Amino acid sequence: MSLEKKAIVGIIMGSKSDLPVMQDAIAILKKLEVPFEVSIVSAHRTPERMFHYAKSAGDRGLKVIIAGAGGAAHLPGMVASITHLPVIGVPVKSSNSIDGWDSVLSILQMPNGIPVATVALNAAKNAGILAAQILGTSSEDLAARILAYKDELRQAVEMNAQDVET
Ligand code: RP5
């Protein structure tokens, strides 16, 4: 996708081990035809790479950043402290986490002035949808694709209802 069109969503994660969770953001952005790029950027292990990524993101054409991390998940908040772009945080339940509360609270409890739009634990799909919705405010075509997706959700529920209801 990023080869065909210039990326407008940046998907970053603290480790390759976050990729299975973050794949859900990739999949929904592909479905909604939103161009994106994917990078591994660690707040703790590659702080200079993180700073450069966040500092250059707007100039490189990105409009929204989705940042996933687990444990002491400082990546979304640190990126939000550097860029003017909206940052959507995905708390990832890493293998040594305390049921994911470590990453949820690290991403959710931001100080005044530096918001991160935090989705539920491992909810990278919702992060992708939210990024598309932000971008859909300035693209009628994308807004139409989001509404079509919502219609798919409605139809699935109505089919299930027909199966169950008597
Ligand atoms: C965080 O530590 C990453 O975002 C990941 O969720 C977690 C574990 O990373 P690895 O030790 O698997 O590289 O920085």
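**Exercise 1. Leaving aside neighbours within four places in sequence, which residues is Ser15 in contact with?** Then work out where Ser15 sits and how open it is.

*Solution.* A quick note before we start: residues are numbered from 1 along each chain as its sequence is written. The model is predicted, so local features need pLDDT of at least 70, side-chain atom pairs count only at pLDDT 80 or more, and totals for chains, interfaces and linings use all residues.

Step 1: contact means that two C-beta atoms, placed from the backbone, lie within 7 Å. By that test, Ser15 is in contact with Ile40 and Ser42.

Step 2: find the spot. Ser15 is in the loop that runs between strand S1 (9–13) and helix H1 (19–31). Helices (H or I, at least four residues) and strands (E, at least two) are DSSP runs, numbered from the N terminus.

Step 3: count neighbours. A residue is buried with 20 or more other C-beta atoms within 10 Å of its own, exposed with 12 or fewer, and partly exposed in between. Ser15 has 17, so it is partly exposed.

**Exercise 2. Is Val104 buried or exposed, and what does it touch?**

*Solution.* Step 1: Val104 belongs to helix H4 (residues 101–108).

Step 1: it has 20 C-beta neighbours inside 10 Å, so Val104 counts as buried.

Step 2: skip residues up to four places away in sequence, and Val104 touches Pro91 and Leu121. Pro91 is 13 residues from Val104 in sequence, yet their C-alpha atoms are 5.1 Å apart.

**Exercise 3. Describe the largest nonpolar core.**

*Solution.* Step 1: a nonpolar core is a set of buried Ala, Val, Leu, Ile, Met, Phe, Trp, Tyr and Cys residues joined through C-beta atoms within 7 Å. The largest one has 44 residues, and Val9, Ile66, Leu75 and Val90 have the most contacts inside it.

Step 1: helix H5 (124–136) is among the elements giving two or more residues, and H5 gives the most, with 6.
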